[in-house]
Number of protein chains: 2
Amino acid sequence: MALVVQKYGGSSVADAERVRRVAERIVESKKAGDDVVVVCSAMGDTTDDLLDLAQQVCSNPPARELDMLLTAGERISNALVAMAIEELGCQARSFTGSQAGVITTGVHGKAKIIDVTPGRLQDALGQDQVVLVAGFQGVSQDTKDVTTLGRGGSDTTAVALAAALKADVCEIYTDVDGIFSADPRIVPNARKLATVTFEEMLELAACGAKVLMLRCVEYARRYHLPIHVRSSYSDKPGTIVSGSIKDIPMEDALLTGVAHDKSEAKVTVVGIPDLPGYAAKIFRAVADADINIDMVLQNVSKVEGGKTDITFTCPHDSGPAAVAKLESLRGEIGFTEVLYDDKVGKVSLIGAGMRSHPGVTATFCETLADNGVNIDLISTSEIRISVLVHETDLDKAVRSLHEAFNLGSDEEATVYGGTGR
Amino acid sequence: MALVVQKYGGSSVADAERVRRVAERIVESKKAGDDVVVVCSAMGDTTDDLLDLAQQVCSNPPARELDMLLTAGERISNALVAMAIEELGCQARSFTGSQAGVITTGVHGKAKIIDVTPGRLQDALGQDQVVLVAGFQGVSQDTKDVTTLGRGGSDTTAVALAAALKADVCEIYTDVDGIFSADPRIVPNARKLATVTFEEMLELAACGAKVLMLRCVEYARRYHLPIHVRSSYSDKPGTIVSGSIKDIPMEDALLTGVAHDKSEAKVTVVGIPDLPGYAAKIFRAVADADINIDMVLQNVSKVEGGKTDITFTCPHDSGPAAVAKLESLRGEIGFTEVLYDDKVGKVSLIGAGMRSHPGVTATFCETLADNGVNIDLISTSEIRISVLVHETDLDKAVRSLHEAFNLGSDEEATVYGGTGR
């Protein structure tokens, strides 16, 4: 008998019919002899509808109240799934994040989990109940107010509960069959990966693979908790995320996949004095504006004591704020101008095999050159190469790299619509 | 500076526009210098929509999960009103029933308030915040599960909070202008009452006046807490419910109003042995089926050791269950048959003045006779006369009694649509 945590996204519980289907799947697991803990996101568009309402009554809704409002969504979906399970003859009990002991920081809208004290869940499991927990939410350690965890919050809830309950596996049910070697909407013969290591999954998530959020993978890695990413519409096995690249014999390591990301913009600060401390001033300014940066490139200046340029990427949404912040400090820092380009895309090749296969970078660049794709920026890690290209070249870059590194399978991937929270 | 608890029904917060209007009214009170605690029901049809969803996934939804589901409604409305208040420049904080310290029994769907420990509310009031509390809900003392209070729950929440916080008044905002001498939809010149004593209000509520629920009036009476029933659509003063009939000088006491109720059904048990203990058997059987009875009539049997009939009324909904329960015991108890009639209505005249004005019962019966209304059953208290009539005679009975006792005013009452929870 195993202890399984299952997480279902918003599209999996979008209406009564789907709620019933999810309940059937849960009851199957339960009847197979497993203890089951379930985390559901809010139904379909509930969160957007609630946000709409909030905007209608307040131009800038206070974060505490927004959390109070949005957490109603998961409360509804979890209670409904509990009812649907009871209809099938099993006993079920739903809990709010607070009742489940999900203790968080007090930052409304993007709280972080500090601790999980699942005493009530363990009691319910001991009574042979299916346990449902509202995802995406917790309770602030200091104020005891309701908090939400921000993007990927329900996945993170599931992984955190699995870790606290010492579950055998955390199953993330979603609208795709697993993790693919590339986005099947761009690369029709993308291959579903049977297993991926945590490190590779972290790079994939950081590079735009949307199936799992970075924070949830980080959490699972820290607690050595296997994640099974699979489809809520089929019974096929999905992708198991577990283990470390260190445990893969060097000779066996392969390239994993090609990820892409359209959510970044490129900021170039032109004409910075090429002296110690100036780059630091730039990045301090951006950090002060609470903007995360991703790739960074600094050109070498041609003459000593001359000028240099610094380019970095940041999320689209934060681009204008980054530019405004830098412009406001132009005189103080002493650069010439700021250039902004949001028509860019990032394509990344990821795989533990990169360590043992020389020439990957060369093949990578040759492939893009052969396909007429210009490289703007390059950034690498031990198991990843990422480049920034023009957004109109992005799909071509993904397809050609996927082909060049022979990552495809013989069959076409199934693509479903929608996405969860 | 007063401490005011305001309660708004579901129709008062049915959409974003109404939420904004409610917020304006709250901010007015706050700016006038009062401390304000607000209880809102769920928006418009939210509760019905959630019940619909529940029915779609489960034929007999477990009560615990139903409470978890339904309490999402008040959470949403209160968070939205808090946001709308912030938009107007005041600070507001919403609390769930559990956070507000509304401790209840564990009977899901119809929990009773055991205690209110409003520490967090007092802290927020101390910080000059407008406090919002989700009505209709609490937390079970034993299981710490979320509970709902059943019908009239939001009003009861408001009154209980007002009592615990030692508020100066509890304002119940609704879709009528106050308590009327009769239902204005039946009697166009019904008079809005400026004040009503708790005893009279209890009788009115028990006899079908739907503006305030019995339990909320009982709560207010116990804590000597004045209730101000008023319209959320106008600034006109409504009706103050306070004081006792004992404090009204006998000479000043008047008749208050005519109430009616179509929600009851009549059950007659025919041919019961006229011996001690048989009536008790009947009522024990009905009580065992968890059915509340209202009026009771037992005819005197014509011969010693003969047979008698017992008639009682109970809610429509429970009628068939009462009949079935009695039928199942027919042999054991030894009566002849059970008659059932749900085409009945109850009309009641209420007023402290009844104690000091002889002849009220005579005028009451004469009026109905003059209007061709047959009386089925009579039941009285110190300040009330109620009779059961055929349902088609009900409106005529209300109108003629209201006229005969000269309860009307010179102007027509304003009637709004909808009703709250």
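In chain A of this predicted model, one open sheet is built from four strands in the order E15-E16-E14-E17, and its pairing is antiparallel. Strand E15, residues 296–298, and strand E17, residues 337–341, stand at the edges of this sheet in chain A. Each of these edge strands has a single partner strand, so one side of each is left without a neighbour in the sheet. From one strand to the next, the twist averages 15°.

E15(A) is joined to strand E16 of chain A, residues 307–315, by three bridges, and the two strands run antiparallel. One place to look is Val296(A), whose bridge partner in E16(A) is Phe312(A). Helix H8 of chain A, residues 278–288, packs on this sheet. H8 touches E15, E16 and strand E14 (264–273) of chain A, and the direction of the helix makes about 25° with that of E16(A). A further helix, H9 of chain A, spans residues 319–328 and lies across E14, E16 and E17 of chain A. H9 runs at about 175° to E17(A).

Strands of a sheet pair through backbone hydrogen bonds, and the pairing is either parallel or antiparallel.

Chain A also has an open sheet of four strands in the order E13-E18-E20-E19, again with antiparallel pairing. Which strands stand at its edges? They are strand E13 (257–261) and strand E19 (377–381) of chain A. Each has a single partner strand, so one side of each is left without a neighbour in the sheet. Neighbouring strands of this sheet are turned against each other by 20° on average, with direction ignored.

A hairpin leads from E19(A) to E20(A) through two residues.

Helices lie across this sheet as well. Helix H6 of chain A, residues 198–206, lies across E13, E18, E19 and strand E20 (384–390) of chain A, and runs at about 170° to E18(A). Helix H11 of chain A, residues 360–370, lies across E18, E19 and E20 of chain A. The direction of H11 is at about 15° to E20(A).

The next step is from one chain to two. Two copies of a chain are related by a rotation about an axis and a shift along it. In this model, a rotation of 180° with 0.0 Å of shift along its axis superposes chain A on chain B, with an RMSD of 0.0 Å. That is the relation of a two-fold axis. The C-alpha of chain A nearest the axis belongs to Ala72(A) and is 2.5 Å from it. The same surface serves both copies, since 100% of the contact residues of chain A recur in chain B.

The model also contains one cavity of 30 Å³ or more. The largest cavity has a volume of about 30 Å³. Which residues line it? From chain A come Glu74(A), Arg75(A), Asn78(A), Ser94(A), Phe95(A), Thr96(A) and Ala134(A), and from chain B comes Met68(B). Helix H3 (63–87) and strand E3 (92–95) of chain A each supply at least two residues of this lining. H3(A) gives the most, with three residues. Sorted by class, the lining of the largest cavity has three nonpolar, three polar and two charged residues.

Two backbone details in chain B remain. Most residues other than glycine have a negative phi. Asp128(B) is not a glycine, yet has a positive phi of about 65°. Asp128(B) lies in the loop between helix H4 (119–126) and strand E6 (130–134) of chain B. Asp290(B), also a residue other than glycine, has a positive phi near 65°. Where does Asp290(B) lie? Asp290(B) is in the loop between helix H8 (278–288) and strand E15 (296–298) of chain B.

Note on methods
Residues numbered from 1 in each chain as written. Chains lettered and ligands numbered in written order. Predicted model: local features only at pLDDT ≥ 70, side-chain atom pairs only at ≥ 80, totals over all residues. Heavy atoms only, no water. 1 Å grid on protein atoms, 1.4 Å probe; cavity = no way out; pocket = protein on both sides within 12 Å on 5 of 7 lines; lining within 4 Å. Points joined across faces, edges and corners; volume = space filled by probe spheres on them. Nonpolar A, V, L, I, M, F, W, Y, C, P; charged D, E, K, R; others polar. Least-squares fit on C-alpha atoms with pLDDT ≥ 70 in both. Contact = heavy atoms within 4.5 Å. Pairing = 2+ DSSP bridges. Axes fitted to C-alpha atoms, helices over the stretch in contact; angles between N-to-C directions.
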